[in-house]
Amino acid sequence: MKKILVAAKRVVDHNVRIRVRSDGSGVETDNVRLSMNPFDKHAVEAAVQLVEQGHAAEVVVVSIGPKGATDVILTGLAMGGHRGILVETDEKLETLAVAKLLAAVAREENPDLVLLGKQAVDDDSNHVGQMLAGLLGWPQATFASGIEVTEEGLKVTREVDFGRAEYGLPLPAVVTADLRLNTPRNAALPMVMKARSKPLAVRPAAEFGLDLAPRLRVEKIAPPPERAGGRAVADIAELAAIIVETKAEAEIG
Amino acid sequence: MAVLVLAEHDLGALSPAMGRVVAAAEALGGPVDVLVAGQNAQVVADQAALLPGVGRVRIAEAVAPTAETLTPLLASLAGDYDHIIAVSAALGRDVIPRLAASLDLMPVTDVTAIHGPNRFERPIYAGNAIETVVSEQPKHLLTLRASAFPPAKLAPAGDPPIEPVAGAALAPLVQLLAAHRTEGDRPDLATAKIVVGGGIAVGSAEGFRLIEELAAVLGAAVGATRAAVDAGYAPNDWQVGQTGKIIAPDLYIAIGVSGALQHLAGIQGTKKIVAINTDAEAPLMKLADYRLVGDLFAVVPALITELKRVGG
Ligand SMILES: Cc1cc2nc3c(=O)[nH]c(=O)nc-3n(C[C@H](O)[C@H](O)[C@H](O)COP(=O)(O)OP(=O)(O)OC[C@H]3O[C@@H](n4cnc5c(N)ncnc54)[C@H](O)[C@@H]3O)c2cc1C
Ligand SMILES: Nc1ncnc2c1ncn2[C@@H]1O[C@H](COP(=O)(O)O)[C@@H](O)[C@H]1O
């Protein structure tokens, strides 16, 4: 493979407990810690490992978002990516618009493989990889927990409803990473310093001339119903009685 | 307002989620067709025909149920429908976004409530916020979380026709090389009424036998945390949470599970939660309807004995 494109999104850090704004307008994102979507770290790691194993020559990290999304590109470059592309926009784009922009970048860059995370942990969409593959007409392997290079292309292990399964894909292809794909490295300080000197192109999203307008109207964003919390159970006998009673109710209802 | 539901099936069996999803689709008002693709289409179609509310079953035996082959098939049928719906499980998650992009539509996925033909609720931020979206698009492509919708009412099926879909066979771009199925006869996790879940504290695959034994006594499905799956104690298809399966049983018994927010994302719809943990301060202990402070290795065997004694 000559080139791997990796898509990485900047999201609210997965350790942050988010707060829904009381007026229903959305989630409070001012002054919260932002970082690379966890799944995308696994995607970057997979790409860098393919280079280290001699299967690929170059890793290009692309992120779509505001200027600040440069941070996640730098994270990707510190992990071993070779160059970055920021597709800059201050609009909150829907996944369809993101996929269109990534498809445009892929058409320019001609990668052999595009690696993405399986889902972004802010909107929890789980769309972009599949959409991108559809737009490009490429095969897709989502929820990957293993990637091997073969004569024909790739052998990808996917986590599916019944367990795991292995699939053979020709290249070029789109693969989305699950958490068990690998263990992402923490970039050492010298790599972090070096990342700043790697090439990083900034491309305004409007430059691509695509229809990026939202298709859905978000009517409101509300907190989930709260659980009341419960009570302590004295002993096993009481617990068993509660379980038997709940089970009986479940069987009727 | 015709609706097409893509059948989720495996080894010749229709997914138990389909009854719920077809019932939810019926509430949209129009006739509901079910599309069954793949090798066992005929057998599965017979099962789909038994679901109340199904107007017609369409079968495409020659089309492998993969995203790459189903996308052109569904696109060719899309003209007949206002809604195309799939179960929010591996196949639906794979196909619906790909189909949506090829039709230049924005899908709405992991829907947990339907308010009319074009207004849907879906969780975001690991379920810590619920978004209501309205779509003015000409067609609605959805995946539904089966656990969020009630099972089909017991009603007689309508003896719908089963019709083959015209269209060429498509060679899949992606080849299935090997499948590693989790063995066992426990009920389907996503639709189970009772789930027994184990965390990293269960300690080993051996330890999970204890969890399975308790589940067997209760006729329950088995779940696990990501930590337990990562450690190799439980198979990946048992994982419950933001990135695993979503459950909404009447009873969830969580054993040695701390209640990280990514795990809680998968159990929000649960009616009653029982938590067993050595740490009374664990987040799940605070949320649980019933909590027992104790060492799981002492509590679970005693609980199994007691349940057998009282005939649970
Ligand atoms: C992007 C992302 C996605 C994730 N998705 C998921 C997901 O889908 N599902 C998921 O589960 N996690 C997910 N996680 C991981 C999650 O953050 C937690 O790490 C995980 O849920 C913790 O699992 P646990 O409760 O088994 O382990 P721990 O948090 O370590 O808790 C173990 C608990 O066992 C108790 N304990 C210890 N010994 C005993 C004993 N002898 N008897 C009884 N209790 C005992 C302890 O007090 C503790 O409360 C995700 C994380 C990330 C970053
Ligand atoms: N704004 C973005 N910039 C770069 N990559 C993105 C962006 N949004 C989504 N992705 C990629 O698409 C994957 C799936 O995202 P989603 O479909 O939004 O859940 C993510 O894990 C990223 O790899």
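This is a predicted model: local features need pLDDT of at least 70, side-chain atom pairs count only at pLDDT 80 or more; totals for chains, interfaces and linings use all residues.
Residues are numbered from 1 along each chain as its sequence is written, chains are lettered from A and ligands numbered from 1 in the order in which they are written, and side-chain values use heavy atoms, with hydrogens and water left out.

**Stop 1: ligand 1**

Select ligand 1 and the 29 residues around it; Ile200(B), Thr225(B), Val240(B), Ser258(B) and Gln262(B) come nearest. A residue is counted here if one of its heavy atoms lies within 4 Å of the ligand. Colour by chain and you will see a site shared between chains, because residues from chains A and B surround ligand 1.

Now look for polar contacts, which are pairs of N or O atoms within 3.5 Å; within protein, one atom must be able to donate a hydrogen and the other to accept it, and residues adjacent in sequence count only if both atoms are side-chain atoms. The side chain of Thr243(B) places an N or O atom 2.8 Å from a nitrogen atom of ligand 1. From the backbone, an N or O atom of Thr278(B) lies 3.3 Å from a nitrogen atom of the ligand. On its own, ligand 1 has 990 Å² of accessible area, and the protein covers 79% of this; such areas come from the Shrake-Rupley method with a 1.4 Å probe, and for residues only the protein chains shown count as cover.

**Stop 2: ligand 2**

Next, select ligand 2. It has 18 residues around it, with Ala7(A), Asp40(A), Ala120(A), Asn126(A) and His127(A) nearest. Show the backbone here: an N or O atom of Ala120(A) is 2.7 Å from an oxygen atom of the ligand, and a polar backbone atom of His127(A) is also 2.7 Å from a ligand oxygen. Taken alone, ligand 2 exposes 490 Å², of which the protein buries 98%.

Which element gives the largest share of this shell? Highlight β4(A), which contributes 3 residues. Helices (H or I, at least four residues) and strands (E, at least two) are DSSP runs, numbered from the N terminus.

**Stop 3: a sheet with strands from both chains**

Switch to cartoon and trace the open sheet of 6 strands, with parallel pairing, in the order β13(A)-β18(B)-β17(B)-β16(B)-β14(B)-β15(B). Two strands pair if DSSP finds at least two bridges between them. At the edges are β13 (231-232) of chain A and β15 (221-224) of chain B, each pairing on one side only. Zoom in on β16(B) and β17(B), which 5 bridges join; Ala254(B) stands opposite Ala275(B) there.

**Stop 4: Thr142(A)**

Select Thr142(A) in strand β7 (residues 140-149) of chain A. Is this residue buried or exposed? Thr142(A) is buried, with a relative accessible area of 1% (buried means under 20%, exposed over 50%, partly exposed in between, with a 1.4 Å probe and protein chains only). Its side chain makes a polar contact of 2.6 Å with that of Asp94(B).

**Stop 5: Val3(B)**

Finish at Val3(B), in strand β1 (residues 3-6) of chain B. Val3(B) is buried too, at 0% relative accessible area. Beyond its neighbours within four places in sequence, its contacts (heavy atoms within 4.5 Å) include Leu28(B), Tyr81(B) and Ile85(B).
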